Amino acid sequence: MNRIFVILCLGLMLFSCKAKRSVVTKKRTIENKEEVVIHEENLENTTSKPEKTYANDTEKYIDIYKEIAQIEMRLYNIPASITLAQGILESASGNGRLSVEANNHFGIKCHEWTGAKIYHDDDAAQECFRKYNDPKYSFRDHSLFLTERKRYSNLFSLKKEDYKGWAKGLKAAGYATDRKYPEKLISLIERYNLHELDKEVLGDAYVKHETPDEETVISYTVSKGDTLYSISKRYNITVKELQNLNGLNDTALSIGQVLVVKPSEN
């Protein structure tokens, strides 16, 4: 009888230990699984980066292409502020058809070009424009376009800090037909402090250039939903005055287009 009792006790103890081990193992499995989930969540949080936001397309354009403009300045002595302002104006802050479909940010036409081409209505219908594989080649071609043509040679006698002189010199040399082209470039440079890019390149050699008889020009960058009428009301001028200031023949506008809304006082 005692022998049977001992055997029953040993059996109960063995069963109890197995049950306990089973519960512990299950608990550890759940705990390990929870630890893995927490670890993965932490990893996801540390590796995700918030996307950079911009106030408008022009600020985004500047951020993307400012270093390329500075490289071109170091190599070809063209102020980065001028190059970038021209790019903003000519490409509608990267939104124009030529820049989107042809990576052509400066509206450079074919001339003696033997590479890829795109046809686009400009001064005349379906004019030939250069097409590039990458926007950086458009910036390089812009530098070569100015340095290799004699009509722009006077620009390189100007100080690189003199962005106003460069803006007026480009118009005088026939770069653009828009009579307000210099004012638009100057307005962009001053609104977005693009001259700071020139300062970064020149370093200690930078000397702020003072221009006598400062001109007062106010410009406006077209946003989604804008019309000539809404812009004219905002700046208290007529639609006709707005058209005359910017050489517009109709009321069509494009996002990123820069308009002069207040003429020079001189």
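Accessible areas here come from the Shrake-Rupley method with a 1.4 Å probe; for residues, only the protein chains shown count as cover. By that method the protein chain exposes about 16,800 Å². Carbon and sulfur atoms supply 52% of that area.

This is a predicted model: local features need pLDDT of at least 70, side-chain atom pairs count only at pLDDT 80 or more, and totals for chains, interfaces and linings use all residues. Residues are numbered from 1 along each chain as its sequence is written, and side-chain values use heavy atoms, with hydrogens and water left out.

Start with the fold. The protein chain holds 10 helices and 4 strands. These are DSSP runs, numbered from the N terminus: helices are H or I with at least four residues, strands are E with at least two. Along the sequence, the pattern reads α-α-α-α-β-β-α-α-α-α-β-α-α-β. Of the 266 residues in the protein chain, 39% are buried. Buried means under 20% relative accessible area, exposed over 50%, and partly exposed in between (1.4 Å probe, protein chains only). Contacts are heavy atoms within 4.5 Å. Among contacts in the protein chain with a separation of 6 or more, 58% join residues 24 or more positions apart.

Now the charged pairs. A salt bridge is a side-chain nitrogen of Lys or Arg within 4 Å of a carboxyl oxygen of Asp or Glu. The whole structure has 11 of them.

Take helix 2, residues 57–76. Here Lys66 and Asp63 form a salt bridge at 3.6 Å, N to O. They sit 3 residues apart in this helix, about one turn. Lys66 has a relative accessible area of 29%, so Lys66 is partly exposed. Asp63 is at 24%, so Asp63 is partly exposed too. The pair belongs to a network of salt bridges that also takes in Lys52.

Move on to Lys109. Its side chain meets that of Asp122 in a salt bridge at 3.4 Å, N to O. This pair links distant parts of the chain, 13 residues apart. Asp122 lies in the loop between strand 1 (117–120) and strand 2 (127–130). Lys109 lies in the loop between helix 4 (97–102) and strand 1. Asp122 is partly exposed because its relative accessible area is 45%.

Lys109 also forms a salt bridge with Glu127, where the closest N and O atoms are 2.9 Å apart. This pair, too, links distant parts of the chain: Glu127 is in strand 2, and 18 residues separate the partners. Which class do Glu127 and Lys109 fall into, buried or exposed? Both are buried.
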